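Hello,

Here is the structure I promised to pass on. Please open it first, then read the notes below.

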Amino acid sequence: MQLCTIASGSSGNAAMVRTESTVVLADCGVSCKRITEGLKEKGVEPEKLSGIFITHEHSDHIKGLRVFLKKYHVPVFSTAGTIDEILRNPAMNECDKGLFNIVRQEEKLTIGDITATCFDIPHDAAEPVGWCFVKDDKKVSVCTDIGIATDTIREHIAGSDAMVIEANHDVRMLEAGSYPYELKCRILGDRGHLSNENSGKLISEIWKENMKYVFLGHLSKENNLPQIALAAVENEMAKEHGDYEIYTSIRTANRDIPTDLVTV
Ligand SMILES: [Zn+2]
Ligand SMILES: [Zn+2]
């Protein structure tokens, strides 16, 4: 299986997961043009996509969806709550509603040779989820926009060979920064976003030697820096797993440009 992000951050998110015969997207949160360019850079024609798996309805996860669907007619999979919210937007009337497929949490869904499962995450959206994609004995997970780490999250992302996991903010930068008080409370809350430190703790809790790649994603533009996120996560990992670097490469996912396509 292969994984990359096309964009990752508070301004837009999309990740690509592929096998030899199946390509899917997790979220579609930048313009159709940028998604298309990102896919092509990785050698994938957008019309070859087998599905788009949406985590939740916030605009940084669905911004490019309307135009992408009009152009490429790819099926969309998400929870009932998320699909309701997406289709509530009158602009989505332009899209073929038949492309939207409701998936129940924890239910296994097979698309080509990939089995996808979504699971509950604590975030201030209608019915937000993370996604796991499995082929044979390999597992890739995408889990961002999580207020706190939960047992449900740990159970599902455990055993991942590669994953995109949120490291949204440095708590000190957020507290000292210019965001209004209410927004700071929202981000720090249990249904907001995961701090660098808590991201490191979560990764450390579920880490196994098979975890080859970790992309730290959804970094805040205002309240984080790639080197700070990476240092905080590496610090948490080093506390529990002194030799993790032999097995695992931890990188930050870039806001604007695709990451390398990694293979597990
Ligand atoms: Zn969100
Ligand atoms: Zn988001």
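**Helix 3 and its surroundings**

Helix 3 is followed by His73, whose phi is positive, near 50°. Helices (H or I, at least four residues) and strands (E, at least two) are DSSP runs, numbered from the N terminus. Please keep in mind that this is a predicted model: local features need pLDDT of at least 70, side-chain atom pairs count only at pLDDT 80 or more, and totals for chains, interfaces and linings use all residues. Residues are numbered from 1 along each chain as its sequence is written, while chains are lettered from A and ligands numbered from 1 in the order in which they are written.

Which residues of helix 3 are buried? In this helix, residues 65-72, they are Leu65, Phe68 and Leu69. Buried means 20 or more other C-beta atoms within 10 Å of the residue's own; exposed means 12 or fewer, partly exposed is in between, and C-beta atoms are placed from the backbone. Seen down the axis of helix 3, the buried residues fall within an arc of 95°, so they line one face. The arc is taken over the directions from the helix axis to the C-beta atoms. Lys70 and Lys71 are exposed, on the face turned away from the buried side. Helix 1 and helix 2 (59-62) are among the elements that cover the buried residues of helix 3. Contact here means C-beta atoms, placed from the backbone, within 7 Å.

One open sheet has seven strands in the order 6-5-4-3-2-1-14, with mixed pairing. Strand 6 (100-102) and strand 14 (262-263) stand at the edges with a single partner strand each, so one side of each has no neighbour in the sheet. Two strands pair if DSSP finds at least two bridges between them. Strand 4 (residues 51-53) and strand 5 (residues 76-78) run parallel, joined by two bridges. Ile52 has Val76 as its bridge partner in strand 5. Helix 4 (residues 80-88) packs on the sheet and touches strand 5 and strand 6; its direction makes about 150° with that of strand 6. Axes are lines fitted to C-alpha atoms, for helices over the stretch in contact, and angles run from 0 to 180 degrees between N-to-C directions. Helix 1 (residues 32-41) lies across strand 1 (2-7) and strand 2 (14-18), at about 145° to strand 1.

Five bridges join strand 11 (residues 162-166) to strand 12, and the two run parallel. Val164 is bridged to Phe215 in strand 12.

**Helix 9**

Ala229, Ala232, Val233, Glu236 and Met237 are buried in helix 9. They cover an arc of only 130° around the axis, which puts them on the same side of the helix. Gln227 and Lys239 are exposed on the other side. The buried residues pack against helix 8 (196-206), strand 12 (213-217) and strand 13 (249-252).

Best wishes

Conventions
Contact = placed C-beta atoms within 7 Å.
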